[in-house]
Amino acid sequence: MKNRALISGIVFIIALSCVAAFAPLLSPYDPAAINQDNLLSAPSSAHLLGTDSLGRDLLSRIIYGARISLSVGLVAVGIATLIGLSIGCLAGFYAGFLDMLLMRLVDVMLCFPTFYLILAVTAIAGPSVFNIMLIIGLTSWMGVARLVRAEILSLKEREFIQAATAIGATHFRIILRHLIPNALTPILVNATLGVSAAILIESGLSFLGLGVQPPTASWGNILIESKSTLGVAWWITVFPGLSILITILGFNIFAEGLKKEIG
Amino acid sequence: MITYLAKRLIAIIPLLLGITLISFFVIRMAPGKPVMLQQSLNPKISLEEIKRLEKLEGMDKPLLVQYKNWLWNMLRFNFGRSISDGRLVVDKIMERLSVTLTINILSLLFLFLFAIPIGVKAALKANTAFGHITTFLTFLFFAAPTFWLALLAMQLFCIQLKWLPISGITSLDFEYLSWWGKLADLSRHLVLPVIVSSIGGIAGLSRYMRSGMLEALSQPYIYTARSKGLSEKLVVYKHALRNALLPLVTIVGLSIPGLLGGSIIFESIFSIPGIGKLFYEAAMMRDINLIMAEVVLVAILTMLGNLIADISYAYVDPRIRYKK
């Protein structure tokens, strides 16, 4: 039984990470280098994906954009998973009043118009990569929290947990060493889909001008220009969007493969 | 049913309180004050002037007091004035609400109209070429950023083929058109935004529908239905489909924040004067009163959607009604 989805997902994620890590070596030009003689030139052998309205090489900008997307996706999901994990563990392990309180908080957050809040906060606090990671992380932990809570509720009555309690393991140890490792795969699936969602949010924000700020290249903010170059320079619209699409596809395929692993 | 309804209605109050509390504090505590905008626009403004402006907006008081005042005003439907042009926030939202609601309701209709048949067909033909192609396509569209699809669609239909107008919701000569002309003009403007904003949802929902249908078809009651000699049509559409449709109701409730969030991007791309674009402008201007009012509005719409979903669920599935 081979799990093709899992393998292609892993290969893709490794490839994308390499692109992001070795961006300076891979990109043919400096992504911020303005070239007045080469404005909006179509894809050619010199500029494989063409240039933008400032004459910057699109391929280089997309390669550097991978860094932004990947780091926003991973850090935001890292934050969300950490919060979700803690809240889910607390709620599941110490049922009762605390559980009720935390789950109502989850309900509130699920009714929350998150994109509206994200937009308002980045506009007021000022858009920066760090702010975006933080605010996406802070508004997307609810799924993990519910998942972890449900897993822990079903795990904690099992014999191996009772055994751990019997030999005097502390609550902290039981949660960290026995409960979380057993709930790891569904958490990972959730986190992978979370990376896709975070990358989408970041690109949307950057497209609206409230995300990553130029001259730093992100797939979303390259697309800002596509509104004014529609019909003039198709490459500016097509390639950054395609990069987002392929990346999300890669992470979703990986998640699909993981789901198959669980059965 | 009435007790169920009452319970659900009462549950909205703490939810709304929680949402307003969180957004009020997050937005107020974010570094960078709204008054700073006026300050940054006018370099000559003095410190006393800033203090005076802050006092005027009640922003010199402690946050909790401000929240209490704001909440009290909200109950009387008073969200204050917009910082950018001094008009009443409620007026500004009301005149733009219908456009956004129309587009989103049409998108939801589209969602059902396409997602259910696609999902059912894909499940029934799971191991044929059609099944594989739809699975692939839905997976692909599910991953595509919708604002990019909007840009591509604009490029194709508005610029290359020149079939559709590129922005706004009405043409310049809208006033002079006949009733039918107006309707035709509106539909020409709305067709792209509505279709594009429902594409991602259609892909997601039909995937969901497909797995729900496959699941339902493997249940024991389907064997029973088949073994007592019911026609395949009856088995599929009466027994399997009705059960597979149940969870769909909840999904729609959950998709409302996404749709309304998407409105921000769509309305900006297509220059549609709805509350999404209004919110974007408010955020850019740091127009706090307007921002808060819209957050509350969208939260209420979301909860309303969830409520309708829950009620319909209870209506179609009596088990929910009688559960405590």
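This is a predicted model: local features need pLDDT of at least 70, side-chain atom pairs count only at pLDDT 80 or more; totals for chains, interfaces and linings use all residues.

Residues are numbered from 1 along each chain as its sequence is written, while chains are lettered from A and ligands numbered from 1 in the order in which they are written.

Chain B has 13 helices and zero strands, where helices (H or I, at least four residues) and strands (E, at least two) are DSSP runs numbered from the N terminus. Its C-alpha trace spans about 85 × 55 × 40 Å along the principal axes. Of its 324 residues, 34% count as buried, a residue being buried if 20 or more other C-beta atoms, placed from the backbone, lie within 10 Å of its own. Among the contacts in chain B with a separation of 6 or more, 70% join residues 24 or more positions apart; two residues are in contact if their C-beta atoms, placed from the backbone, lie within 7 Å.

Chain B is divided into domain 1 (2–75) and domain 2 (97–316), with bounds that come from an automatic or database domain assignment. The centres of these two domains of chain B, taken over C-alpha atoms, are separated by 33 Å, and their contact takes 14 residues from domain 1 and 14 residues from domain 2. On the side of domain 1 of chain B that touches domain 2, the elements that give two or more residues are α1 (2–29) and α2 (34–41) of chain B, and α1(B) gives the most, with eleven residues.

Turning to a helix pair, α5 (residues 89–124) of chain B and α10(B) pack at an angle of about 145 degrees with their axes 10 Å apart, the axes being lines fitted to C-alpha atoms over the stretch in contact and the angles running from 0 to 180 degrees between N-to-C directions. The residues of α5(B) that meet α10(B) include B:Asn104 and B:Leu108, and those of α10(B) include B:Val252 and B:Leu259.

Between the chains, 40 residues of chain B are in contact with 35 residues of chain A. The elements that give two or more residues to the side of chain B that touches chain A are α1, α7 (146–160), α10 (232–269), α11 (275–285) and α12 (288–316) of chain B.

Methods
A residue is buried if 20 or more other C-beta atoms lie within 10 Å of its own, exposed if 12 or fewer, and partly exposed in between; C-beta atoms are placed from the backbone.
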